[in-house]
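Trainee: I would like to learn how to read a model of this kind, one feature at a time. Could you take me through it?

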Amino acid sequence: MAATAADKLTAELGAPPPERFCELDDRDLEFLADALRHAREEQAAGLDRAAEESLKMVPAIARGPVRRILFR
Amino acid sequence: MDTLRTRAEVEKIARFLDADTERLAFLAALPASEVRRFREQVAAGLFDNQPEMLDRIAKATKLVPTSIAATISQKALGPKLAARVAGRLEPARAADIIEKLPIGFVADSCAHLDPRRVRDLVERLHEDTVVRIGVVLAKKGDYITMGRFVGHLSDSALRRILDQVADDVVLHVGFFVDMPERLDHIVGLMAPDKLADVVRAASDGALWAEALTVANLVGEQRRAEMAGLAARQDTEQLDALVRAVHRDHLWEALLPLVALLDDADRRAVAVLPSLQAWEILADVVRAVVATGLWSQFLPLVDVLPEKSRQLVAESAGALDDTDLDRMAVAVQEQDLWDAVIPLVELMDDTAKERVFALEAFQVQDEASEQHEERGAKPDPEPDPQQDPQQGP
């Protein structure tokens, strides 16, 4: 059975939204779920590149351990 | 008031989701408490369960000196990721790194910090740093972030920030404050004549939604003070306030303030040109019916010019049966018939008959008749044979 818009939002939030949100249109619930997923993806984007960049600034003596932590 | 709190919450959610506030307008119909709870869920959804790489970067940061960690934050991570990493560090370590960063970068990062970590961090930063962050955020106009921070700041830091920011900042930040219970105390830290400047800033910048929010969140004494200061603005500016309230349906935020005015200030408000317009007075009456704010509205009606009182009576008389009944029930519950009867007298005969036929009116009529009878005849002497505790 296909997930409803409310199910999608619950999944993105990790918990059901407040009670009165059930009064909202499916289209709006779907928008909230999509916007939250998108915001989370945006957050994750760039992390790997940032880790590579960070490594260049670490003093040579610490680079080995730092690399092991970042890219184990 | 709920309308304004919801509006502030919607703007905060829009910020978290990088969404257009207009697109989230559908949330405006929900109670502020639920929208706030949803905002907290969104924050948890964004800041919990972060990618594993973020934790690895945070862990790696511990292996390098603070100054290197600061350089990495600034040059490799940028404000957004640096804030995310700071949220994964021990607060003391994060604070040490923050102290080594340019204040502009820190202010940019603050906007992306996990709101639940703000308190731990702020407590560990030097006061000078906190004050500089506050002033930069105010200059950037990032009032949502400031609203997240101010509740956690010391009195001393708040005083120093208040001394350095423009008067309208108090209104903008008060609109977004995350800990509304702290607002009265914060406003109380301002120099005595600053509150008048803040109210004037509301008037000059048409920041009425912000000013109404702040006035409704502070304690009653300061609320009355703000209401009085607002009522003493120019007629033109007060008219702009009333029209803004009418446009945005904010009567529930304004009427409680009008009720706090002294007679002279209330009379000044009552003669505003805007309060002689049928569409505005009819809107107030509808809002009062919806919110039950009769005890806040009637003192104003009392001092309205005769023509305006007539218009209020007509618009009340034109309510449909359901609303008229709601009005009567609210008036009955709040024991306000004495104040409403003069208004009913101004209604046309048809409207009067409708009011007299209402059940709530009949109940009060019987009650007042009984009261009069009791007043005319003294209560009978109690029967000495009867135990007064037991009754007959």
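Trainee: Among contacts in chain B between residues at least 6 apart in sequence, what percentage join residues at least 24 apart?

Mentor: Two residues are in contact if their C-beta atoms, placed from the backbone, lie within 7 Å; in chain B, 82% of the contacts between residues at least 6 apart in sequence join residues at least 24 apart. Keep in mind that this is a predicted model, in which local features need pLDDT of at least 70 and side-chain atom pairs count only at pLDDT 80 or more, while totals for chains, interfaces and linings use all residues. Residues are numbered from 1 along each chain as its sequence is written, and chains are lettered from A, with ligands numbered from 1, in the order in which they are written.

Trainee: How many residues of chain B are in contact with chain A, and which element gives the most?

Mentor: Helices (H or I, at least four residues) and strands (E, at least two) are DSSP runs, numbered from the N terminus. Here 32 residues of chain B are in contact with 32 residues of chain A, and α4(B) gives the most to that side of chain B, with eight residues.

Trainee: Why does B:Arg119 count as partly exposed?

Mentor: A residue is buried if 20 or more other C-beta atoms lie within 10 Å of its own, exposed if 12 or fewer, and partly exposed in between, with C-beta atoms placed from the backbone. B:Arg119 counts as partly exposed because it has 16 C-beta neighbours inside 10 Å; this residue is found in helix α7 (residues 118-124) of chain B, where buried residues make up 42% of the 392 residues of the chain.
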